[in-house]
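I opened the notebook to look up a few features of this protein. My entries follow in the order I made them.

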Amino acid sequence: MSITKLNRDLPAVFFIILAMCVSMELYFTWKLPQSIINSVCAVALLPYLLRMKIPRQSIWVIILLIVNFAYNYTHNTPLFSFLSFLNILSVIIISIFVISSSIDFKIKLLNAFDLFIKCICLISLVGWLLYLAGIPLPHYYSETSDFYSHEVYYLFIVGANNVLAELLPRFCGMFLEPGHIGSTCCLLLFINRFDFKNKSNYIYLLSIVFSLSLAAYCLFFIGLCLHFFFKGVHIMKYILFMGMFAAAFYVFGQTYNGGDNIFNEKILSRLVIVDGELSGDNRTSMLFDAYYEDWFKYGDVINGYGKKAYAEGNGSTNILHGCASFKRFFFINGVIGVVLVFVLYVTLFSKHYSKQGLGFFILLVICNMIRDYPFRLMWFYLFILGIVVLSLPKRKADMIY
């Protein structure tokens with residue numbers, strides 16, 4: 001690949017990565033209005049898109065994309081406004097560009113994003129180790145939203161409810177919460193084929209471990225099993241190894257310091273069955289569950305509960321406050337919304353089918369069962385890029401890069 005072509009694509013790569021980071025509200029994007037940033041990214045990508053020859057077979061995918069984002073907009077926007085409309089229009093333009101771009105560009109974008117996330121995770125991990133060592137670091141308190149509050153240490157952020165309350169706070173790097181960084185690192189490790197000969201992938205592994213996220217730990221185990229299963233190797237020996245590791249982890253957590261340790265508190269205690277339910281299954285609130293049960297029995301299940309669940313964004317009356325799971329997505333969007341997003345993802349996957357891609361698809365579905373982010377650009381684009389990379393021989397992907 002010529003240097004000229006590489007340099008020509010760099011602005012597009014930069015603006016797409018920026019839009020991905022804004023969608024997950026990474027720390028360095030907090031001061032940036034999402035609608036304005038997405039609009040700037042769309043305008044910057046528009047010249048690339050206008051010069052692009054969109055294949056005829058991609059038209060159906062683009063139509064599906066527009067229908068999905070339009071449906072999602074009508075159901076998940078508490079107050080319609082010019083800025084909210086501008087935002088969804090910009091997101092559609094950026095997404096059309098990502099879908100329609102060449103395989104070469106997709107590989108380049110994925111490698112750039114992979115390098116970027118590794119860099120910011122490494123920076124955060126260095127700061128985290130200094131923090132754990134008790135070295136005073138400059139910081140400030142932030143009421144990030146009506147749900148999130150943080151202690152901001154510039155190199156990383158800490159959930160305010162963790163400060164001084166725990167022996168070992170949970171690591172979230174520059175992401176809003178530990179589950180975000182843990183799940184994203186699991187997805188990137190799968191795309192990287194769990195290749196730990198590449199030492200930089202240990203950055204993802206350390207981020208997952210320090211996140212102390214039950215969801216991330218489970219996703220890592222499931223991802224490994226799916227990777228080896230679809231690779232066609234003898235999966236039983238890996239399951240046996242992981243089972244022995246899990247058993248050793250369980251014994252350590254239960255016995256070390258009489259069970260008074262961070263692993264038992266944050267991981268093992270959440271796997272206990274209480275009154276027939278998993279104690280760690282706290283993705284929805286009691287208020288939400290009450291509304292959900294009533295809606296499921298008597299409401300419009302086909303079309304969903306819609307934007308009125310947000311109560312115009314007021315945290316005190318927002319039914320969805322503090323909730324995240326497929327259950328929430330189904331509640332808002334109904335059967336129509338679920339079918340639309342499923343058809344979109346299956347159509348995208350069918351264009352680049354592979355066994356490893358199928359494993360990645362399953363892992364992403366599980367991610368969205370835990371945390372319903374099918375339209376967050378970071379995870380959505382990782383899916384698009386991941387299925388392309390995993391459909392290619394590793395050597396060919398490396399050659400393109």
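I take helices as DSSP runs of H or I with at least four residues, numbered from the N terminus. By that numbering, helix H3 covers 59–76 and helix H12 covers 326–350, and each supplies at least two residues of a nonpolar surface patch. I note that the model is a predicted one.

**Entry: the overall picture.** I looked up the whole protein next. It has 15 helices and five strands. Of its 401 residues, 52% are buried. I checked the contacts with a separation of 6 or more: 71% of them join residues 24 or more positions apart. The accessible surface comes to about 19500 Å². Carbon and sulfur atoms hold 67% of that surface.

**Entry: the nonpolar patch.** Which residues form the nonpolar patch on the surface? I listed Ile54, Ile59, Trp60, Ile63, Val67, Ile302, Val335, Ile336, Val339, Phe342 and Val343. Together they have about 930 Å² of accessible area. H12 gives the largest share, five residues. I then picked one member, isoleucine 63, which lies in helix H3. Is isoleucine 63 buried or partly exposed? Its relative accessibility is 43%, so I count isoleucine 63 as partly exposed. Patch members need over 30% relative accessible area.

**Entry: the shape of H12.** I compared the span of H12 with that of a straight helix. H12 has 25 residues, yet its end C-alpha atoms are only 23 Å apart. A straight helix would reach 36 Å at 1.5 Å a residue. Where is the kink in H12 centred? I found it at glycine 334, with an angle of about 115°.

**Entry: serine 124.** I moved on to helix H5, residues 103–132, where serine 124 is found. Its relative accessible area is 1%, so serine 124 is buried. What is serine 124 in contact with, leaving aside neighbours within four places in sequence? I noted Leu155, Phe156, Phe171, Gly173 and Met174.

**Entry: serine 35.** Serine 35 lies in helix H2, residues 34–51. Why does serine 35 count as buried? Its relative accessible area is 14%, and the cut-off for buried is under 20%. Not counting residues up to four places away in sequence, serine 35 touches Leu83 and Asn87.

How values were computed:
Residues numbered from 1 in each chain as written. Predicted model: local features only at pLDDT ≥ 70, side-chain atom pairs only at ≥ 80, totals over all residues. Heavy atoms only, no water. Patch = residues over 30% accessible without salt bridge, like charges linked within 9 Å, V, L, I, M, F, W, Y side chains within 5 Å. Areas by Shrake-Rupley, 256 points an atom, 1.4 Å probe, with all protein chains shown as cover. Salt bridge = Lys/Arg side-chain N within 4 Å of Asp/Glu carboxyl O. Buried < 20%, exposed > 50% of the residue type's maximum accessible area, 1.4 Å probe, protein only. Expected span 1.5 Å × (residues − 1). Bend = angle between axes of the 7 residues up to and from the residue. Contact = heavy atoms within 4.5 Å.
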